[in-house]
Amino acid sequence: MKQVVQNYKSGELAVLDVPVPGCKPGGVLVRTAYSLISTGTELMKVSEAGMSMLGKARSRPDQVAKVMQSVATNGVPATYRKVMGKLDSYTPLGYSLCGVVEQVGAGIDEVKVGDLVACAGNEHALHAELNWVPKNLFTPVPDGLAPRHAAFGTVGSIAMQGVRQGEPQLGEVALVIGLGLIGQLVVQLLTASGVRVVGADPDPVRCELAERLGAAACGDPASPAVEASVAELTGGHGVDQVYLAAGGGTNQPVELAARLCRDRGRVVDIGKCRLDLPWNAYYEKELDVRFSRSYGPGRYDPEYELEGRDYPIGYVRWTERRNLACFLDLLARGRVDVEPLVSHVADFDDAVDTYRRLKDGDLKAVAVLFRYPEQAQDKGEAQAPAVAVPEVRRGGAVSAPARAVKTPVRLAFVGAGNYATSMLLPHLTGRDGVELSTVVTTTALSAANAKRKFGFAEATTDLDAVLGDKSIDAVFVVTRHSSHAELTRKALLAGKTVFVEKPLALGEDELAGVLAAVEESGNDRLQVGFNRRFAPLLQEARKRFGTRTGPASLRYLVNAGRLQHGSWYLQQGTEGSRFAGEGGHFIDTASWLLEADPVSVYAVASAGNEDLQVVLRYPDGSTATLSYVTTGAAGFPKETLDLVADGKVLRLDDFVRASVYDGRPRKWVSSRLPKARDKGQNAELASFIKAVRTGGPMPVPLESLVATTAATLAVQASLTGGAPVTLARAR
């Protein structure tokens, strides 16, 4: 089997072939499905291993003291050989995983082969394909809980033990300093306990994430924002508890804790940070300083961990194993959500490169999971569903010749409903170099009205005649959603350049049909009406935001409002869900801003599926959270968007104002108030007409249009399956 190891002397990381551990009595042999990298503890070990010998000594003064004691007892030569032998050995990494029971040892009767279990322990829950885990360090995974989420069990137990040490009470206010993996979990556990939480972290992305997950307010500990939030929430008294979940060598966390804690408040140390307590500050408030020891009672006790001797529940209510089971129960019941914390999922074979990227800062992450070979899934893992992102095959490409300069681009419209007549045709009527040739509708009168109002040369109900007219260069499909894919397919096969209003397709079969037409005809001249990426205000804001170097966090609130009774949008049986109809707009905007296509989609809905929360994950660890709500106030702006990355924030307020905060004394703000919000339709149409006229590339690559459509379809798949959906590239 394979296992991740490190040489502490040289710093070398490797995935080694090692023997399979035996299944001893009192434990189980577990085949790993997912294991979690602790981006705090493990990266600290990896970084220390890369230091010089002097650097290692400075980082671990406790070990230096042991060496000096050994020198006094055994002499320098013997101590040197002992230390070098220990340093120049491979040591394991990892301590939190989920897997399938492969073999059951004697004395174990609560699980059987094939059961899914969560495991803990830095000697037992390792980054390895197989692990032997003793009785008190594993617990069954509740039904319905995804294995990738159950892999958080150990770090969840660490956060839970810290919260237990703080003894929170309903209605109290807590401060969490450090919003890494443990800090984010502490925030959620406190919120679930009825405690209001203020978070402190210098990383604005982590602050935004904590607020999304329940914190009342978050900010940089060096700014006055945190202190102001504490004062507001506590009436100036200070917080009841402070949880130190930060690392590093600064003493700022303990000083901030003293300043913002109330008289006789509690300070709980969970992380590994400097603890030079300012005596006067802690004495005058009589602060209660407590330590949280890892997963809970039983930790470091060999009789509990190795021999399986449990503590009586009447004397020790919460042990390591009980904490582990409790955290999994909270996950299963939706009281804690770890999916937004997953920044990256790497194949186990790529472990060395993943650690290197984390250490070098190329991969900025809160939580990273290793995904193991598929034989783990064959043993009972409930694998997340997947939606295929079809490959675009163009067959024998059809050339799109450039037109003569003075020759107009001749357009046909299929459909002349409200959107076509209010949002598209006004931008095309009277445009130089454009001729509105023919309008096609299902009823004669609507065609006649469109011809009269917008100056079409012809009006008809005969679609085939239009598709067979070689003088028509491009066809606009602006009909009801259920007809988009079929009409687009026909127009592509007829050799037309096609502009189809969103959505491109309402199902995977429809999308496949469109792409089959592309392959058959070689005609890939297709544009979907995702206009927001063309909005001048958003274009300028992205330009001022500049090039992004690290992962981003994007929040997009769409206050869609309720539909009027009788709207055909409500005909979900034939026209698809409302989100399926227009959700692609917002996914496309997020993907354009993040310059990538999503790799997974997770969606949850309120009762009746009226309000949706959609989390999109991207290849570099970026996330986009889309809140699509219909129950908001009618007077509130329809669309607000925040993009946070690299210490900068881009803010869009309903295509009326945009701001970019980049750390400089002054921020850029656009306060233009146009008569109508410019959501990019005019610029989009100009780009489309230019592509038709010149024969140049389409405004948006077809691969991107397909990826956005697949992601939109994956929302319903995630709602149905109750799990994240992987967007798998078809081969």
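The dialogue below concerns strands and their pairing.

Guide: This is a predicted model, in which local features need pLDDT of at least 70, side-chain atom pairs count only at pLDDT 80 or more, and totals for chains, interfaces and linings use all residues. Residues are numbered from 1 along each chain as its sequence is written, and side-chain values use heavy atoms, with hydrogens and water left out.

Visitor: Is strand E3 mostly covered or uncovered?

Guide: Strands (E, at least two residues) and helices (H or I, at least four) are DSSP runs, numbered from the N terminus. Buried means under 20% relative accessible area, exposed over 50%, and partly exposed in between (1.4 Å probe, protein chains only). Strand E3, residues 27–37, is mostly covered, with eleven of its eleven residues buried.

Visitor: How many bridges join E3 to E7?

Guide: Two strands pair if DSSP finds at least two bridges between them. E3 and E7 (residues 130–134) run antiparallel and are joined by five bridges; valine 28 stands opposite valine 133 there. With E5 (residues 96–104), E3 pairs antiparallel over seven bridges, where valine 30 faces valine 101. Four bridges join E3 to the antiparallel strand E16 (residues 367–371), and tyrosine 34 has arginine 371 as its bridge partner.

Visitor: Which strands form the open sheet of three?

Guide: The order is E2-E1-E4, with antiparallel pairing. E2 (13–17) and E4 (90–92) are the edge strands, each pairing on one side only. Five bridges join E1 (residues 2–7) to E2, and glutamine 6 stands opposite leucine 13.
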